[in-house]
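Trainee: Hi! Could we go through this one together, a bit at a time?
Mentor: Happy to. Ask whatever comes to mind.

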Amino acid sequence: MVLLFRDDSHIQKFFVEWDNSAHKKAVIGHVNRWMLVAVRRNVQEITVRIGQNNHIMYKIPHQLFNCKSLRKLSMIKCGGGKSAGITLPKSMCFPQLQVLCLVGFSVSNVELMEKFLSSCPVLKTFHISEFDIGTQHNLIVESTCLENLVLDTSCCIHLGQTDHGVTSVTKLCAPKLKDFVCTGLMTQEYSFGNFYSLVSAAILMKLKKKSKDEILDTYSKLPVEEKEVYAKSMMKFLVAVHKVASMRLSFGFLEVLSRAPNLLDCPHFCNLQYLQLEMWFTRDSLRSIAYLLRNSPIIYSVVLTSMESNSEDIGTDWEAGLSLPGMLSRLKIVEIKAVVGCDSELKLLSFLLKNARFWRKLLFSFVLALARLIE
């Protein structure tokens with residue numbers, strides 16, 4: 001009531017959260033009325049959080065989707081579980097919206113979803129996660145102003161084959177994009193536009209929806225044909241982000257990359273200075289790392305996180321054809337986290353020392369990492 005009858009002064013932030021409501025329709029009615037008041041008061045930021053037990057179809061007032069003053073919109077369904085459906089109007093216009101965060105919702109009409117994005121001409125930050133767009137069409141994220149994109153397709157966007165046997169593709173085109181985080185399944189196909197402005201990328205691809213279900217056997221037991229398909233997909237990612245200065249890759253990414261038929265033609269990362277890798281210390285992963293480092297002439301820092309101990313014998317010839325003295329001329333920092341003391345960890349360190357010019361500083365950094373682990 002205080003909000004409804006307050007003066008005509010502008011509202012900067014509007015935040016509402018409801019959880020475990022026994023009167024969902026009544027609550028939605030109240031929230032929508034408050035939103036309308038906020039819109040009339042030229043609100044700049046709106047955040048709506050819905051509890052995990054509220055499985056609803058939420059029809060948002062069309063006035064909100066035509067709010068001329070709004071700069072930030074966050075709609076978050078908390079706690080996982082079934083997504084909450086939202087109904088989008090046919091007319092949408094956000095002339096000043098710069099930040100959009102959508103988590104845990106579903107939209108049945110993908111054309112309206114794309115229209116939603118196109119109605120934000122100055123959008124700079126877009127975070128979409130646990131978001132179901134159904135099986136109808138491809139998802140297209142296209143923006144000339146977008147600078148930060150967090151895209152999680154691992155448990156939301158329809159993967160693989162649709163009911164009509166057509167593969168869905170996530171298409172990305174953002175020429176001004178600077179920071180890109182993509183968490184998804186390798187079964188999802190992507191199409192990339194111009195990413196030449198990209199500075200930082202985190203490509204966290206996997207086979208299982210839940211990371212805890214991801215084990216080395218998940219990859220080692222894949223048919224050869226599937227490994228090659230996934231490897232080609234991973235190579236497309238590397239080509240798309242090859243201009244970055246900072247890159248993070250998942251263990252699954254590395255494990256299948258070695259199967260790429262054109263691994264020898266791995267793109268050159270002329271700007272890459274910082275590389276963070278989650279990995280199993282297997283023969284395949286080590287060779288993938290070696291190719292990445294070989295094509296990163298100004299790499300400065302490498303951070304490796306060992307996922308688990310393994311008994312695989314990587315052999316003595318795993319680095320055949322990869323040893324190029326001095327190729328890591330600028331490498332100064334190597335940090336191995338969660339060290340398990342396996343033979344392959346030592347062999348990788350030996351490879352780095354042989355190819356790095358400043359090997360004394362490199363070894364010193366490694367010793368410091370071990371000392372911190374022991375402490």
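Trainee: Let me start with a single residue. Is K236 buried, partly exposed or exposed?
Mentor: K236 is partly exposed, with a relative accessible area of 44%. Keep in mind that this is a predicted model.

Trainee: Okay! Which helix is K236 in?
Mentor: K236 belongs to helix α4.

Trainee: And which residues does K236 touch, leaving out those up to four places away in sequence?
Mentor: With those left out, K236 touches Y190 and F192. In sequence, K236 and Y190 are 46 residues apart, yet from C-alpha to C-alpha they are 8.4 Å apart in space.

Trainee: What about S233, where is that found?
Mentor: S233 is found in helix α4, which covers residues 224-240.

Trainee: Does S233 count as buried or exposed?
Mentor: S233 counts as buried, because its relative accessibility is 15% and the cut-off for buried is under 20%. Its C-alpha atom is separated by 9.6 Å from that of V256, 23 residues apart along the chain.

Trainee: Let me zoom out. How many helices and strands are there in the protein chain?
Mentor: The protein chain has eight helices and 18 strands.

Trainee: And what share of the residues counts as buried?
Mentor: Of the 375 residues in the protein chain, 50% count as buried. There's a figure for contacts too: taking those between residues at least 6 apart in sequence, 74% join residues at least 24 apart.

Trainee: New topic: strands. Which strand holds T170?
Mentor: T170 has its place in strand β11, residues 169-173.

Trainee: Buried or exposed?
Mentor: T170 is buried, with a relative accessible area of 0%.

Trainee: So what surrounds T170, apart from residues up to four places away in sequence?
Mentor: T170 touches L139, L151, T153, Q188, E189, Y190 and S191. With Q188 there is also a polar contact of 2.8 Å between the two side chains.

Trainee: And S200, which strand is that in?
Mentor: S200 lies in strand β14, residues 200-206. S200 is partly exposed, with a relative accessible area of 22%.

Trainee: Which residues is S200 in contact with, leaving aside neighbours within four places in sequence?
Mentor: S200 is in contact with K178, D179, F180, V244 and S246. As for distances along the chain, S200 and L272 are 72 residues apart, and their C-alpha atoms are separated by 9.3 Å.

Trainee: Which residues line the largest cavity?
Mentor: The lining is made up of L117, L123, F126, V141, E142, S143 and L146. These divide into five nonpolar, one polar and one charged.

Trainee: Last one! What is the phi of N42 near?
Mentor: Phi of N42 is near 60°, a positive value in a residue other than glycine. In general, most residues other than glycine have a negative phi.

Trainee: Where is N42, then?
Mentor: N42 lies in the loop between α1 (24-40) and β2 (45-50). N42 is partly exposed, with a relative accessible area of 33%.

How values were computed
Residues are numbered from 1 along each chain as its sequence is written. This is a predicted model: local features need pLDDT of at least 70, side-chain atom pairs count only at pLDDT 80 or more; totals for chains, interfaces and linings use all residues. Side-chain values use heavy atoms; hydrogens and water are left out. On a 1 Å grid over the protein atoms alone, a cavity is a set of points where a 1.4 Å probe fits but cannot get out, and a pocket is an open set with protein on both sides within 12 Å along at least five of seven lines; lining residues have an atom within 4 Å of a point. Ala, Val, Leu, Ile, Met, Phe, Trp, Tyr, Cys and Pro count as nonpolar, Asp, Glu, Lys and Arg as charged, and the others, Gly among them, as polar. Helices (H or I, at least four residues) and strands (E, at least two) are DSSP runs, numbered from the N terminus. Buried means under 20% relative accessible area, exposed over 50%, partly exposed in between (1.4 Å probe, protein chains only). A polar contact is a pair of N or O atoms within 3.5 Å; within protein, one must be able to donate a hydrogen and the other to accept it, and residues adjacent in sequence count only if both atoms are side-chain atoms. Contact means heavy atoms within 4.5 Å.
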